[in-house]
Every structure is written in structure tokens, then in C-alpha cells.
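Student: I've got a model open and want to go through a few spots with you. Let's have a look at it first.

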Amino acid sequence: MLGSSIRRPDDAGIAAAVEALKAGRLVAFPTETVYGLGADATDDRAVAAIFAAKERPSFNPLIVHVAGSEMAEALARFDERARLLARRFWPGPLTLVLPRSVACPVSLLASAGLPTLAVRVPRHPVAARLLAGFGRPIAAPSANPSGRLSPTTAAHVAATLGKAVAVILDGGPTEIGLESTIVDLSGPSPRLLRPGGLAEEEIAALIGPLAPPDLTQTPKAPGMLTSHYAPRLGLRLEAKAVSADEALLAFGPKIPPGARATLNLSAAGDLVEAAANLFAFLHRLDASDASAIAVMPVPERGLGRAINDRLRRAAARPR
Ligand code: TXA
Ligand code: MG
């Protein structure tokens with residue numbers, strides 16, 4: 001069975017991958033840097049499946065891949081620096097972190113609830129054909145289980161994530177073998193978040209020197225980012241009952257009555273569905289006129305660990 005989903009990246013292979021993405025399934029594809037584990041970036045459920053497959057204990061924001069600058073500009077707000085870099089280095093191994101546009105259709109889970117979005121236009125021909133064929137943004141972290149090396153061949157992906165992936169497009173070994181360089185342009189001065197396939201000097205030559213990663217904003221632990229989405233309202237975890245002035249973030253079939261507003265992460269108790277709904281539901285309850293958000297217990301297994309990690313950070317935040 002293992003490896004049976006590896007496809008040649010011919011027209012039929014690309015078409016199969018596009019169909020899988022449209023069906024909300026995962027597709028591994030080569031980029032010029034490393035292989036990506038892709039899903040429809042606008043589909044919360046499909047994005048949740050990425051986190052489930054990688055078995056991450058927390059939600060790391062993902063890079064959103066697009067076919068070209070036009071699609072990128074529909075998702076994020078570009079300033080002059082961003083346009084300069086995009087014109088010069090896209091397609092290529094450069095990821096830009098920019099403010100999400102107002103009507104950005106990308107899943108909040110893909111950016112882990114952040115107000116910013118990491119976007120890039122890969123230059124690998126297979127990635128380019130997949131993106132053009134799909135016609136929508138693809139969220140894709142490197143196609144390795146959490147804590148393992150990034151994959152540079154289709155066989156690496158098949159060996160570790162084969163079961164979770166509907167189609168693996170085999171484009172041979174990747175050219176660069178190192179992830180893209182990430183530059184954060186969402187603040188006043190450009191910041192290097194991750195050195196990678198494009199040299200820092202090349203970027204600095206165009207937009208000036210880059211500040212090093214802020215120690216309080218290390219991309220290694222994005223859940224700790226000070227700019228990370230934090231609800232306005234206080235969170236009360238492990239809630240088994242709810243008061244009339246609280247909003248309730250529920251989980252599972254048995255819901256305590258009486259809340260001012262209730263959203264259920266998953267009535268069926270499905271953790272992938274719960275992860276898909278987490279950030280969108282927190283935003284909605286946070287906008288209600290409740291005094292706090294009571295959160296029912298979420299089991300500490302599978303994606304439940306990442307959900308609880310996020311909820312604990314939000315609950316511990318000083319207000
Ligand atoms: O070369 C690459 O970039 C590969 C290929 C597949 O494109 N992708 C990749 O993705 O390396 P991933 O998920 O393994 O790494 C994404 C990095 C993470 O360290 C994450 O913290 C950072 O990008 N990131 C994503 N969105 C961000 C945001 N809005 N703000 C800050 N950092 C962000
Ligand atoms: Mg990675």
C-alpha cells in the first residue's frame with residue numbers, strides 16, 4: 001500500500017491532485033525548496049487535516065502558496081517593499097509575511113489566528129501547474145511529521161506521511177533542499193524570520209537591512225508571538241457549567257444550557273472538526289456581548305493537544 005499514491009506529474013497526475021484538493025484532501029507536491037503537504041487554504045477542515053497528519057502539538061501558522069502576484073494581492077496587503085521583492089524574486093524561495101487583506105478567504109486556522117499571512121509563489125514547474133490548475137491558494141508546510149527533517153524527495157513523503165496523503169506528485173529531488181527565506185513586512189521595519197533558499201543580502205540590496213528575528217517573536221514558537229491572536233474576553237477553561245452572562249465554546253454532544261451565546265466546536269466530538277472551527281469560533285464569541293468565554297473540556301489526544309495548547313495560551317494572557 002505504502003507509496004501507492006505516488007503519481008507522475010503529467011496531466012493525469014496533476015488532474016488527480018486538483019480533484020483531491022477540491023475534495024478537501026491532502027496533496028504532497030514538489031517545490032524548488034522542499035516537498036509541501038498541501039490543502040485548500042480556504043477550507044478549515046482540509047487545513048485541520050494538515051495539522052492532524054503532521055501530529056504537531058501546537059498550531060504553527062502555515063505558508064500559503066499562490067500561482068502569482070495577482071492571487072497574492074487578493075489575500076494580503078502589499079506595500080512598496082513587498083511589491084519590489086515580489087517582482088524581483090517571485091516565483092522563487094521567498095516567503096513574505098504581510099497583513100491579511102480585509103476579504104482574505106484563507107482559513108484562520110492556516111495562519112493560526114494571526115492577523116498576518118505568509119505567502120509565496122513557488123517556481124517549481126509542478127507546483128506552478130498544480131496552483132494554476134486548482135486556481136486557489138494552497139496552504140502547505142513542509143511534508144514531514146512534526147520534528148522530522150523536511151522531505152526533498154517523493155519517497156521521503158511516502159515513507160512518513162503516505163497514509164494521510166491522497167496524491168504525492170513526484171517531481172524528483174528538489175533543487176534547493178532548504179526551506180524558503182521568510183521576511184516579515186507586517187511591521188515598520190523588515191525582519192528576517194527564517195534564513196533559507198534566498199540569501200539575505202539579495203533581499204537587503206533591494207529594501208535595505210533586515211532586522212533579526214525578535215526574541216519575543218521567534219517563529220519557532222509562533223504560539224508565543226505577542227501579535228498572536230488573543231481574545232478580548234477572558235477564557236474560563238474546563239467549564240462544566242455556564243452562567244447567563246458567559247459565551248460558551250462547547251465540545252461534544254452534551255452541552256450545559258443557559259449561555260448567552262453558544263458555538264459547538266464539534267457536536268460529534270471530532271477533533272479535526274474542532275480544530276477547523278477553533279479560531280473562527282473564538283473570533284465570533286469574542287465579538288459577542290458576553291463577559292467571558294467558558295470553554296468545555298477538550299480531550300488531550302490527537303489534535304486536542306494543539307487545541308488545548310492554544311486555549312491555555314489565550315486563557316493565560318494578561319488583560
Ligand atoms: O520552502 C518552504 O517555505 C516550504 C515549502 C513547502 O514551500 N514550506 C515550509 O513551511 O517550510 P513550514 O510550515 O514548514 O514553515 C512555515 C514557517 C513556520 O516557521 C511559521 O512559523 C512561519 O513560516 N509562518 C507562517 N505564517 C506566519 C506568520 N503569519 N507570521 C510569522 N511566521 C509565520
Ligand atoms: Mg517545516
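**Threonines, a tyrosine and some helices**

Student: Where is T31?

Tutor: T31 sits in the loop between β2 and β3. Strands here are DSSP runs of E with at least two residues, helices are runs of H or I with at least four, and both are numbered from the N terminus. Keep in mind that this is a predicted model, with pLDDT of at least 70 needed for local features and 80 or more for side-chain atom pairs, while totals for chains, interfaces and linings use all residues. Residues count from 1 along each chain as written, chains are lettered from A and ligands numbered from 1 in the order written, and side-chain values use heavy atoms, without hydrogens or water.

Student: Fine. Is T31 buried or exposed?

Tutor: T31 is buried, at 2% relative accessibility. The scale is under 20% for buried, over 50% for exposed and partly exposed in between, with a 1.4 Å probe and protein chains only.

Student: What does the T31 side chain make a polar contact with?

Tutor: The side chains of T31 and T33 are joined by a polar contact of 2.8 Å. A polar contact is an N or O pair within 3.5 Å; within protein, one atom must be able to donate a hydrogen and the other to accept it, and residues adjacent in sequence count only if both atoms are side-chain atoms. A polar atom of the T31 side chain also lies 2.8 Å from the backbone oxygen of V34.

Student: What about T33, where's that?

Tutor: T33 is in the loop between β2 (27-30) and β3. T33 counts as buried because its relative accessible area is 3%. Not counting residues up to four places away, T33 touches P93, R120, T174, I176, G177, L178, E179 and S180.

Student: On to Y35. Which strand is it in?

Tutor: Y35 lies in β3, and it is buried at 0% relative accessibility. The Y35 side chain reaches the backbone oxygen of G172 at 2.7 Å. P141 is 106 residues from Y35 along the chain, with 8.5 Å between their C-alpha atoms.

Student: Which backbone atoms does the side chain of T181 reach?

Tutor: There are two to look at: the backbone nitrogen of G196 at 3.1 Å and the backbone oxygen of L198 at 2.6 Å. T181 is in strand β9 (residues 181-184) and is buried, with 0% relative accessibility.

Student: Switching to helices. Which residues of α2 are buried?

Tutor: In α2 (residues 44-54) they are A46, V47, A48, I50, F51, A53 and K54. Those buried residues pack against β3 (35-40), β7 (138-139), α6 (154-161), α8 (271-286) and α9 (303-316).

Student: What's going on at the ends of α2?

Tutor: At the start, a side-chain oxygen of D43 comes to within 3.0 Å of the backbone nitrogen of R45. Just after α2, E55 has a positive phi of about 55°.

Student: At what angle do α2 and α8 pack?

Tutor: About 115°, with the axes 8 Å apart. Axes are lines fitted to C-alpha atoms, for helices over the stretch in contact, and angles run from 0 to 180 degrees between N-to-C directions. D44, R45, A48, A49 and A52 of α2 meet V272, E273, A275 and A276 of α8.

Student: And how do α4 and α7 cross?

Tutor: The axes of α4 (residues 80-89) and α7 (residues 200-207) come within 10 Å and cross at roughly 130°. That makes α4 oblique to α7; angles under 35 degrees are roughly parallel, over 145 roughly antiparallel, 65 to 115 roughly perpendicular, and the rest oblique. R81, L84, L85, R88 and F89 of α4 make the contact with E202, I203, L206 and I207 of α7.

Notes: Contact means heavy atoms within 4.5 Å.
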